[in-house]
Structure formats: structure tokens, C-alpha cells
Amino acid sequence: MTGLKTRPDFDAVVIGAGFSGLGMLHRLRDVMGLSVRVYETGSGVGGTWYWNRYPGARCDSESYIYCFSFSKELLQDWTWSGKFPEQPEILSYLEHVADRFDLRRNIQFNTRVTSATFREDTNRWQIETDQGARVTAQYLITGIGCISTGNVPRIEGLDSYQGDWYHTGAWPHDPVDFTGKRVAVIGTGSSGVQSIPVIARQAESLTVFQRTPQFTVPARHRAADRQFIEEEVKPNYQEILEKARWSQGGGPHDPVERSALDYPEAERNQIYEDQWALGGYDFIARSFADVMTDRAANDTAADFIRGKIREIVKDPETCRKLLPHDHPFGAKRALLDTNYYATYNRDNVHLVDLRSTPIRRITPTGIQTSERDFDLDIIVFATGFDAMTGTFFKIDIRGRNGLALRDKWAEGPKTYLGLQAAGFPNMFMITGPGSPSVLSNMPVSIEQHIDFIADFITWMRERDIETAEADPQAEEAWVVHVNEVADTTLYVLANSWYLGANIPGKPRVFMPYPGGVGPYRQKCNQIARNGYPGFILTRPATSHQPVS
Ligand code: NA7
């Protein structure tokens, strides 16, 4: 039965003020005229780019496609300074967006949402924060990021350590001065590979503790090509971004057709060589069509990169340790770097292979491995994130019958389209697990979800539909589909955070949707056109009675 209702405090509560939360707020408030409250843990906007202030932090998408597209004026007015956008500039961009569209007045900063409960008597969400607020909303929308809960490994003795330590994803706002310091970096994923060359230039000594050697390709970062931006991008911005929306990964480039296996070795290596010289993800996207889908083709790229490591790294023992050997290229997220391998030629940089000499404990003065003690002033944990689900689990989210999301997802996340979870009516996830999200240029995926959610809510309101909720059967079918597609890729051949393999005890389930942003958009559009099959819809007063 439907309880006596007053208006909810807000039409929508949005959690997070990064790209997702800002874009969603603008759409709901300024286009749809809804009342919205955004809660944000940080003291400012920016999300990922608010927290990840480590040295060298930079996005691997090219800057001109790493942006909102909802405002033509914004697209024309903003000009990025570099080929790849660096953290301070992305943060400035998001601050500019917040100011330009007057978004801050609906954002409550320094506030963590602690719980969100779906009240079946009113069909509303009740949201509580660590600031003591308790508000109600018809729609709950999460913009909490996919890689936003840091993983600091539980290494014995960390509490006793007397030096300073930091996680890359919770970096201090004041820059850390490494001058004259003995520094350790643990972890060689994206954050490690970006920060290591920068820290090495400052520190007295840098010891890198590596568990798994990874493949990285030079970014060839440089100043943005102003002529290209002014003459080719800005006059054609909408077309460029439209092309990105229908692509595999959210970039505007034409896919290549050729197979790596159709070329003689010398010719193939010349193609790799050319792309290596140009830098960036074009090494994957522009070399051959099958590098990410065919193991034999992938091996040719992997061998090429291993050859480059041998060319660059002078010390044979260090070089041997750096050679990736246990996963296909790109199966762990392919990395872009600036002088990463060359950094190991510096006299002040040393590499420890944790597979042969694991960390035993952290001592008051540093790190002890099975081989020796390292005296350290600063330890940097570049050890990644409890990705895709970790941040959901920090909030006590409860749907129908008091079901906790963390219980529902105990064996791995289950969603319909990565947008909704069965049993959690009117809760929408921006780039939730089961959507392309982290396998794409994020703003393209984020804006697609914002469009879908906004259009869906508009459609519901026009028809006096009070709740929408994923149908359990549609959800199950989507989970099966995501897994089937994942099983055809090389991604499942690595112990990556895509699979939850980096967090001890986390279920191994491939979490993002690897079918590509274009095909995914097509599926979503078709669902919208057909009146949202796969969602259970209810009208007021018929509480949970499906709309026929
Ligand atoms: P990643 O890519 O998850 O990398 C984390 C790194 O830390 C990786 O090399 C891990 O080794 C290593 N790691 C994790 N736990 C440990 C422990 N306990 N001991 C030693 N080493 C460890 O995180 P990033 O922050 O670099 O990047 C995350 C994403 O942000 C990135 O992909 C982009 O999308 C942006 P492993 O490979 O697991 O053996």
C-alpha cells in the first residue's frame, strides 16, 4: 500500500560531484526543472580529479575529447593546453563548469552519504549523511566513480612506520616535496607508471616495488596542436563527438581493418614502430584490428614492446624484471607513460621484484622484503582501487525488503545495462558495473548515461509512472551477456582490477561491459524507443503493480 505522501525533499539526490554528478545536476535542474541535491565528500568538485593529485597525474584520453558536450559554447570557449589533459587542468575545467553553470549552489560539499534506503511505504529514497542530514528523494542517482575507493594493502607494520606515506588516490592538496628523500613507490599500474618518472627526478633515491610488470606505451605528451584544435576540431566539434559516441572506445577515429597476422614481421614491426613514435592509444587503435581480440596478433604487439624495453633499459637484470610475461598486452589496462622505462637507467632508481622477494612487513624505518631492509622517508602506495563496487559498498544502500546492495552483489555486481539493479527502484547508476565505463573514454560514457537516465525520468513523469526498476530476468540476461562478451576477449586472461583480482577475497567477475560504447548505446536507444522493456514500472497508488 502507498502511504500518505508529502512531496519529497528533492526530486533527485545525486551522489558525487565529478563529471557524472555535475553533468547530471545540470541536466536535471536546468533542462528538466527538477529539484536536486548533490552530496560530495570532497571540499570541491572534480571527483577523480579532486582526489588524484599525485605527481604526473594525467588522463590517457586526448584532451579535446575529454569534455562535456552538452554546451556548444563551452566546447568552443575551453582550450586545453596539452595533448593529454593533466590533473590540475582537468580540475580547473570542472571548476569552470561548476561556476559557469552555477552548479555549486545545489551541491553540499564535505558530506558523505552514509546510507540510502528505499521506503516502500512512500516509494521514495531516504538518504542520510555523515553531517546528520536525512532527506527524501524520488530518484537516487550515483555518480560515485568507478575507481574511487583506494586500496591500501594490509601490510603488517604500516601502523608502526614513522615516515610519511600516501595513496595516489588520496593525495594531499599541498604538493609533497621529495627533495633529498628516500622514496618507495609500491605498484606499477597507471598511477605508478605516471608518478615514478616525476618522483625520480626529485628524490634522492627511488625504490620501485613491482608485483607485476605491465606493458606501457609512450604517451608522447606535448603541447596541444593549436592549429589542429582551431581549424579541425572546433569547427567540427559536434561531428567529432558524435563519431566518438558510436565508436568502440569513445574516441573519434576510424577503426583500422588490417590484421597483424597478415603482415610479414618486418613490415608489421614498422607499423608498430610508427605508432610507437606517434604515441598514445593509437598504438592499439591504429596498428591492427585484432591486437585486442586475437592472442596471436596480441603476441606480436607484446613482443614489440618487450623489444622496446630491451632497447631502452640498460641494466640487464632490471630489464629482465620489467618484461611483462604473464598476461596479454592490454588485458590489464594498457598504460601510457612519459619516460617510464628510461627512468630505470637513472642511478637513483632501483627496482624490486616482489614475486621473487616479497614484502615481509613495514618497519618503523621502511620496508623489509624477504631479502633485505630498505630505509625510507616516504612510501607511496600506487596500489590501485577497489574498483567498480568498492564505493557502492561504503554506502549502506538498501532496496526493497531491506535488501542491502552489498548482499545482493556478494558474488559480484549484477545490473541491467549497468544502470539499475533489480530490487532498487528509481536508483540509477552512472557508469555502473555492467556498462562500458572504464573501458572507454569516460565523459562519452558518462554523458550517454546522463542522457538515458534523464530521458527515462522524463518519459516516466509524462506517464505518471512513479518507479522504474530492473526486471530480475532482464538483469540476469544482461549479466550473462556481459560475461559471454568478456569471454571472447583477452581481458579475462589477466589478474586485473576489471575482474576484482587485485582485492583479496573479492569475487572474480568481469565488471565492465566490453561490447563497446557504440553497440551499447544502440542497445540502450532501442530499449528507450521500445518503451523501456526490462524495467518494471509502477504508477502511484498501485504500489509495485507493473504498468501494462
Ligand atoms: P592499478 O592499475 O590497479 O595498479 C595497482 C598496482 O599496484 C599494480 O601494479 C598492482 O600489482 C600493485 N599492487 C596492488 N596491491 C599490491 C600489493 N598488495 N603489493 C604490491 N603491489 C600491489 O591502479 P592505478 O592507480 O595505477 O590505476 C587505476 C586506474 O586509474 C587505471 O587503470 C586508470 O583507469 C586510472 P598487480 O598488477 O595487481 O600485481
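Counting as a salt bridge any side-chain nitrogen of Lys or Arg within 4 Å of a carboxyl oxygen of Asp or Glu, the total comes to 29 salt bridges. The model is predicted, so local features need pLDDT of at least 70 and side-chain atom pairs count only at pLDDT 80 or more, while totals for chains, interfaces and linings use all residues. Residues are numbered from 1 along each chain as its sequence is written, and side-chain values use heavy atoms, with hydrogens and water left out.

One of these pairs joins Arg-134 to Glu-128, whose closest N and O atoms are 2.7 Å apart. Here the terms are buried for under 20% relative accessible area, exposed for over 50%, and partly exposed in between (1.4 Å probe, protein chains only); Arg-134, at 56%, is therefore exposed, whereas Glu-128, at 23%, is partly exposed.

Another salt bridge connects Lys-308 with Glu-311 (3.4 Å, N to O). Because they are three residues apart in helix α10 (residues 295-312), about one helical turn separates Lys-308 from Glu-311, where helices are DSSP runs of H or I with at least four residues, numbered from the N terminus. Lys-308 is buried at 7%, but Glu-311 is exposed at 60%.

Turning to packing, helix α15 (residues 442-462) and helix α17 (residues 517-529) meet at an angle of about 0 degrees, with their axes 11 Å apart, the axes being lines fitted to C-alpha atoms over the stretch in contact and the angles running from 0 to 180 degrees between N-to-C directions. The two helices are therefore roughly parallel, a term for angles under 35 degrees.

Definitions and conventions
Parallel < 35°, antiparallel > 145°, perpendicular 65-115°, else oblique.
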